[in-house]
Amino acid sequence: MNPHIGRRLRYGMVGGGPGAFIGGVHRMAAALDGEWELVAGAFASRPRRSRKQGRALGLDARRVYGSYREMAEAEAALGEDRRIDAVAIVTPNHLHHPVARTFLDAGIHVVCDKPMTTSLAQAADLCLTVEDSGLTFALTHNYTGYPMVKEARHLVRTGRLGTLRKVVAEYPQGWLSTLLEETGHKQARWRLDPMRAGRSSAVGDIGSHVHNLVLYVTGLEIEAVVADLSAQVPERCMEDDAGMLLRFAGGAAGVLLASQVATGEENGLTLRVYGEKAGLEWRQEQPDRLHLLFPDAPRQTHTRGNPWLSAEARHATRLPPGHPEGFIEAFANIYRSAGRVIGASLAGAEAHPLDRDFPDHMDGVRGMHFIDCVLKSDARRRWEDVGTYL
């Protein structure tokens, strides 16, 4: 039950139909703490497939819709005691803006998969709409939900590393090392289609995660970027590999890599941050461990679930040490926190500060601004000023 309203939050889902990957992840994450209940959906662009998914999920057929617009109108008309409190958007990227805008205009809170939109103009529009509405917009950059990422952030923010000098972040995948999109593979097809994915593939898909993770942990602002994007697989129309050099405000330097043609790699997201006093390293494929590096002492390995970790890390932990927590739980931390903020809003109360720690509309517009700057840098073959946006 949501602690603020004494019931589970009711939510609907747009996207996530038969065969979709990320929709199932969102449903598992939302269900994990028992604070959300899926009651409605427009799961596919074809009404028949939407109804099929609704039956599979055991939903009332009257609340399984043929389109997101039908869903928003019908749910808003149900009244506050029955309608959905929030919508989860798990569609391909090109639908994020119109779906989110439709539900925000209907007075319904939003949880949206990343990236926020396919263009900076769309992101700015959503950002202003959220600000004007007072509604909650949560963006599922799920890697911020890992306890040891929160611990890394705490160590940086409390000065354990000293003044930051170097940030190295990479996300190597190998799943697009062949022309997979030409085989009928559903995920590859839409992620490499500029009409659905947007102007960027590798940067928009996984580079956006790296960018968000760097800013979340370090708190630094990127002043400038120089980028080199390429399609390494012959006949591919969008980039599958990206390398970026970063200059941060305050003088720190950075390297950001995003590749989907790193043959043999799975999901090797890694962050290294180096300061004048110490460094740290976190790997997504070993998420329960955070390594600290010192110039005059042995490397330390901190593990999730221990009582000496920060309040932020403990708040994001469910199991004792040694029992691994991972991808679903990181997503679930965003759902739990966003849900408690939404519940507090519905109750006219204040959410706990620890529950406000999730990516929001401002992170979304910053991400789209960064992608825009990366594309400009690659096209112009020069450093591009980034600075702040909004």
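Two strands pair if DSSP finds at least two bridges between them. Keep that rule in mind for this predicted model. Strand β1 (residues 9-15) and strand β3 run parallel, joined by five bridges. Within this pairing, Tyr 11 stands opposite Ala 86 in β3.

These strands belong to an open sheet of five. Its order is β2-β1-β3-β4-β5, and the pairing is parallel. At the edges are β2 (36-42) and β5 (137-139), each of which pairs on one side only. On average, neighbouring strands here are turned by 25° against each other, direction ignored. Helix α3 (residues 68-76) packs on this sheet. Helix α3 touches β1, β2 and β3, and its direction makes about 125° with that of β2.

Follow the chain just past β3. The loop between β3 (86-90) and α4 (96-105) holds Asn 93. Is Asn 93 buried or exposed? Its relative accessibility is 6%, so Asn 93 counts as buried; the cut-off for buried is under 20%. A polar atom of the Asn 93 side chain lies 2.9 Å from the backbone oxygen of Ala 197. Leaving aside residues up to four places away in sequence, Asn 93 touches Lys 114, Pro 115, Thr 118, Trp 190, Arg 196 and Ala 197.

Now turn to another sheet. Nine strands form an open sheet with mixed pairing, in the order β13-β12-β11-β10-β6-β9-β8-β7-β14. Why is one side of β13 (300-303) and of β14 (384-385) left without a neighbour in the sheet? Both stand at the edges, and each has a single partner strand. Elsewhere in the order, strand β10 (residues 270-275) and strand β11 (residues 279-283) run antiparallel, joined by five bridges. Here Arg 272 stands opposite Glu 281 in β11.

Two helices that pack on this sheet come next. Helix α6 (residues 147-157) touches β6 (164-172), β11, β12 (289-293) and β13. The direction of α6 makes about 25° with that of β12. Helix α12 (residues 361-380) packs on the sheet as well, touching β7 (222-230), β8 (241-248), β9 (253-259) and β14. The direction of α12 makes about 60° with that of β7.

Aromatic rings are the next stop. A pair of aromatic rings is described by the distance of the centres and the angle of the planes. The structure holds eight such pairs. Take Tyr 143 and Tyr 146. Their ring centres are 6.2 Å apart and their planes are at 15°, so the pair is stacked; planes under 30 degrees apart count as stacked. Tyr 143 is buried, at 5% relative accessible area. Tyr 146 is buried too, at 2%.

Phe 327 and Phe 331 make an edge-to-face pair. Their centres are 5.2 Å apart and their planes stand at 70°. Both lie in helix α11 (residues 327-347), four residues apart, about one turn of the helix. Phe 327 counts as partly exposed, with 26% relative accessibility, whereas Phe 331 is buried, with a relative accessible area of 2%. Ring pairs link Tyr 143, Tyr 146, Tyr 171, Trp 282, Phe 327 and Phe 331 into a cluster.

Arg 153 lies over the face of Tyr 216, 4.4 Å from the ring centre. The charged end of Arg 247 sits over the ring of Trp 383, at 3.7 Å from its centre.

Key:
Residues are numbered from 1 along each chain as its sequence is written. This is a predicted model: local features need pLDDT of at least 70, side-chain atom pairs count only at pLDDT 80 or more; totals for chains, interfaces and linings use all residues. Side-chain values use heavy atoms; hydrogens and water are left out. Buried means under 20% relative accessible area, exposed over 50%, partly exposed in between (1.4 Å probe, protein chains only). A polar contact is a pair of N or O atoms within 3.5 Å; within protein, one must be able to donate a hydrogen and the other to accept it, and residues adjacent in sequence count only if both atoms are side-chain atoms. Contact means heavy atoms within 4.5 Å. Axes are lines fitted to C-alpha atoms, for helices over the stretch in contact, and angles run from 0 to 180 degrees between N-to-C directions. Rings of Phe, Tyr and Trp (its six-membered ring) pair if their centres lie within 6.5 Å; planes under 30 degrees apart count as stacked, over 60 as edge-to-face and the rest as tilted. A charge sits over a ring if NZ of Lys or CZ of Arg is within 6 Å of the ring centre and within 35 degrees of the ring normal.
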